[in-house]
Amino acid sequence: MKGFGYLAKEGLKNVWNNRIMSIASVCVLVSCLVLTGAATLFSINVAQVVESVGDSNETTVYLKSDVSRLEAVYIGKDIEKLDNVVSTTFLSKEDALEQYKDELGDELFAQIEDRNTLPDAFVVVMEDLSMYDKTVAEIKNIDGVDSINDHRELAKKLTEISNLINIICVGVVTALMIISIFIIANTIRATMYSRRFEISIMKSVGATDSFVRMPFLIEGVVIGIVSAVVSTGAISLLYESVMSAITGMIPFSYIPLTHVILYVAAAFALAGIVVGFFGSFISIRKYLKKEGNEILGW
Amino acid sequence: MIDFDNISKTYPNGTHALYDVNIHIDKGEFVFIVGSSGAGKSTFLKLIMHEETPTSGEITINGKKISKLKRREIPYLRRHMGIVFQDFRLIDKMNVFDNVAFAMRAVGESAATIKKRVPYVLDLVGLKNKMKDKPSELSGGEQQRVSLARALVNNPEIIVADEPTGNVDPEMSHEIIELLNEINARGTTVLVVTHEHELVREFHQRVITIDHGRVIGDTKDKGVLSDHDVDDDYNDVPHYPDNAVVLPD
Ligand SMILES: Nc1ncnc2c1ncn2[C@@H]1O[C@H](COP(=O)(O)OP(=O)(O)OP(=O)(O)O)[C@@H](O)[C@H]1O
Ligand SMILES: [Mg+2]
């Protein structure tokens, strides 16, 4: 387009001249994007955990606390005799404590070392996961077995929580998107109003609609891009700190930021541009239909 | 060049601004439009600029029927016209150069062309030494000449001026009409609405009188006589004064 450089400069000037409104628009759009991003990152992390948990054919079988080591050996043999069981590995309560120490750090467990209340357990590997429920029931029937860590229950719970959070997020994000578009539309309307005199002159000398529109579209898109950049920065900062806080409580390996940040940035940029574009487009449309003194409100 | 065929204009609020107007204006004519307040003069110009559309009748400009014009074609119609307002309509925060350049930027002219053309046109209206001044630092007459430069800068075929002398002192009024006359001399069609009968008498050009929405006098129309009547042939013969200004394209 002829004169694009000039129009781009005008668009940037608009953002600056109208900076209070621009900042307000950026803030709303950023909160919208960050929330969407956080919800998405949360659910892909949950999905990954669910997948690794659900797919693992290892099940932990906890023994009653009054079971002696000798009895434990027999229980292990009984479990191994079952059709679907490939192998069993004994995990003593001391081993279990060591494992927790490795995962969560020494300090927390140093004091409870001598009053270790963790149960002894077997890690059981099954062959066919479709027979999981039947095998679990058979193991539960063996004397001395206290409980079975049913990974599927956990996976199901996690998925439910994740779905619930997603539903809430979709609602909140939709509302915020609409608010964002509305705020940007208002920002652009304010700019157009403050530049109505120029607009009327442009139209009277024969500027095309697309030419008149361009600086305002650029203004909207610039607001969108700035919001995307700020949101990407905010998500990066938040993600690492939130994730290390969560893994401090529940150990699991989360998806590293570096694997997803490019997608997040691209999605933010796209969303920012689309919202900015539509926000400005709505308010410009009405304005362009006016002619002469109507533009000036005379 | 401009044809009004049975044009009537009724505003949405029911005001009848023009009734059954038939006017033909040739390329290169200079036309004064006079009439009392509320007669419909501005409406007449707005119809030409396509700021308003007629309620009935057909306007033809440069052989193009206005009613057949698509929305996106309107800007290109306006590029054939330079518009001068009574209140100048200059942008206060821009200097004289930028005010004139604005009209060129709005139609996507290149920076290089603008840099060449704007000083030339400002020279034409006698304001080359005021290029860096803000409109607020200029007299009314000077402001109107900036506005005229802006109307001229895209080299239009028609200049449309609605009371260009309404806000300037009589001496300046004369100078502005003189300038329009010079512009007309190189072939630009000029339409001027004015209240100043002195000027109209002085310049011996075609005069169209509108009253209550009707054309009641046209010095070109032999059937109608008016007190501004002058030699009809004057407008039919191209008349280039010695100091004719020819603008580059
Ligand atoms: N946008 C509008 N809506 C409704 N009525 C209008 C509008 N513009 C003009 N009119 C009316 O149409 C009639 C003609 O107005 P117009 O502006 O053409 O008059 P004019 O001859 O230019 O007057 P003046 O010399 O005072 O400028 C007037 O009665 C006016 O009130
Ligand atoms: Mg008027």
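This is a predicted model: local features need pLDDT of at least 70, side-chain atom pairs count only at pLDDT 80 or more; totals for chains, interfaces and linings use all residues.
Residues are numbered from 1 along each chain as its sequence is written, chains are lettered from A and ligands numbered from 1 in the order in which they are written, and side-chain values use heavy atoms, with hydrogens and water left out.

**Chain B as a whole**

The secondary structure of chain B consists of eight helices and 10 strands, where helices (H or I, at least four residues) and strands (E, at least two) are DSSP runs numbered from the N terminus. Of its 249 residues, 54% count as buried; buried means under 20% relative accessible area, exposed means over 50%, and partly exposed lies in between (1.4 Å probe, protein chains only). Chain B exposes about 11,100 Å², of which carbon and sulfur atoms supply 49%, with areas taken from the Shrake-Rupley method with a 1.4 Å probe and, for residues, only the protein chains shown counted as cover. Among the contacts (heavy atoms within 4.5 Å) in chain B with a separation of 6 or more, 70% join residues 24 or more positions apart.

A nonpolar core is a set of buried Ala, Val, Leu, Ile, Met, Phe, Trp, Tyr and Cys residues joined through side-chain atoms within 4.5 Å. The largest such core has 85 residues, and those with the most contacts inside it are B:Phe32, B:Val118, B:Leu122, B:Ile159, B:Ile177 and B:Leu180. Its largest share, 12 residues, comes from helix H9 (residues 209-249) of chain A. Apart from this core lies another, of 31 residues, which includes B:Phe4, B:Phe44, B:Leu45 and B:Val193.

When residues up to four places away in sequence are not counted, B:Val118 touches B:Phe97, B:Val100, B:Ala101, B:Met104 and B:Val153. B:Phe97, B:Val100, B:Ala101 and B:Met104 are also among the buried residues of H3(B), a helix that is mostly covered, with nine of its 11 residues buried.

On a 1 Å grid over the protein atoms alone, a cavity is a set of points where a 1.4 Å probe fits but cannot get out, whereas a pocket is an open set with protein on both sides within 12 Å along at least five of seven lines; lining residues have an atom within 4 Å of a point. Grid points are joined across faces, edges and corners, and a volume is the space filled by probe spheres set on the points. The structure holds seven cavities of 30 Å³ or more. In the table, Ala, Val, Leu, Ile, Met, Phe, Trp, Tyr, Cys and Pro count as nonpolar, Asp, Glu, Lys and Arg as charged, and the others, Gly among them, as polar.

| Space | Volume | Lining residues by class |
|---|---|---|
| Largest cavity | about 120 Å³ | eight nonpolar, one polar, three charged |
| Second largest cavity | about 90 Å³ | four nonpolar, four polar, five charged |
| Second largest pocket | about 330 Å³ | five nonpolar, four polar, nine charged |

The lining of the largest cavity includes A:Tyr6, A:Glu10, A:Phe216 and B:Phe102, and H1(A) gives the most to it, with four residues. Of the 13 residues that line the second largest cavity, the closest to its centre are A:Ser200, A:Lys203, A:Ser204, A:Gly292 and B:Glu51, and the largest share of that lining, four residues, comes from H8(A).

The second largest pocket is lined by 18 residues, of which A:Tyr6, A:Lys9, A:Glu10, A:Lys13 and B:Arg105 are the closest to its centre. The elements that give two or more residues to this lining are helix H1 (4-17) of chain A and, from chain B, helix H3 (96-106) and helix H4 (111-124), with H1(A) giving the most, five residues.

**Two residues with positive phi**

B:Phe88, although not a glycine, has a positive phi of about 70°; this residue is placed in the loop between strand S6 (81-84) and H3 of chain B, and at 9% relative accessibility B:Phe88 counts as buried. B:His204, also a residue other than glycine, has a positive phi near 45° and is placed in the loop between helix H7 (197-203) and strand S9 (206-211) of chain B, where, at 42% relative accessibility, B:His204 counts as partly exposed.
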